[in-house]
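This report covers salt bridges, helix packing and a surface patch in the model shown below.

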Amino acid sequence: MTATPTRREAVLGIAKIEGYLLWQAELSNARVEGASFAAALTWLTEEQRADIAERYAEERVRLARRVLTGVAERCAALDAEYGERYRRLRVRLLAVALCTLLGCATLAIVALAVAAEGV
């Protein structure tokens, strides 16, 4: 069953929206955690705490980007690897099917030849 272009576009659009929303949630979480971390540093001035919170959030976002990039690269590598395995499996299955068909045809021809000689 193949998806129509419209359905495929809709699926891709939904995936992009989901990715955008997940990334926005990650950015928001990074800001909240940065603010929470900086708030615990009570001996700093408000400006220093704001700077620490911003730097924390930036580092958290960089880390999240590295992790997500790594996951995406691994997914692409696995997709290629398993795609190749699936292709080789199909080739082997086709070869076995053809050999089986040729074997059955050979047996049928031999059986007909033996039957024809016996008549």
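E33 has a relative accessible area of 34% and is therefore partly exposed (buried means under 20%, exposed over 50%, partly exposed in between, with a 1.4 Å probe and protein chains only). The model is predicted, so local features need pLDDT of at least 70 and side-chain atom pairs count only at pLDDT 80 or more, while totals for chains, interfaces and linings use all residues. Residues are numbered from 1 along each chain as its sequence is written, and side-chain values use heavy atoms, with hydrogens and water left out.

**Salt bridges**

A salt bridge is taken as a side-chain nitrogen of Lys or Arg within 4 Å of a carboxyl oxygen of Asp or Glu. The count by this rule is 8 salt bridges. The table lists some of them, including two made by R60.

| Salt bridge | Closest N and O atoms |
|---|---|
| E26 and R60 | 2.8 Å |
| R60 and E33 | 2.6 Å |
| E46 and R49 | 2.4 Å |

E26 forms a salt bridge with R60. Because E26 lies in helix α1 and R60 in helix α2, this pair ties together parts that are 34 residues apart in sequence. Helices here are DSSP runs (H or I, at least four residues), numbered from the N terminus. R60 is buried, at 19% relative accessible area, and E26 counts as partly exposed at 21%. R60 also forms a salt bridge with E33; since R60 is in α2 and E33 in α1, the parts tied together are 27 residues apart in sequence.

E46 and R49 both belong to helix α2 and sit 3 residues apart, about one turn of the helix. E46 is exposed at 57% relative accessibility, whereas R49 is buried at 16%. Through shared partners, salt bridges join E26, E33 and R60 into one network.

**Helix packing**

Helix α1 and helix α2 (residues 46-118) pack at an angle of about 140°, with their axes 8 Å apart. Axes are lines fitted to C-alpha atoms over the stretch in contact, and angles run from 0 to 180 degrees between N-to-C directions. The contact (heavy atoms within 4.5 Å) includes W23, E26, L27 and E33 of α1 and R49, I52, Y56 and R60 of α2.

**Surface patch**

I17, Y20 and L21 make a nonpolar surface patch of about 340 Å². Patches are made of residues with over 30% relative accessible area and no salt bridge, with like charges joined within 9 Å and nonpolar side chains (Val, Leu, Ile, Met, Phe, Trp, Tyr) within 5 Å. Accessible areas come from the Shrake-Rupley method with a 1.4 Å probe, and for residues only the protein chains shown count as cover. I17 lies in helix α1 (residues 5-39) and is exposed, with a relative accessible area of 53%.

Technical notes:
Helices (H or I, at least four residues) and strands (E, at least two) are DSSP runs, numbered from the N terminus.
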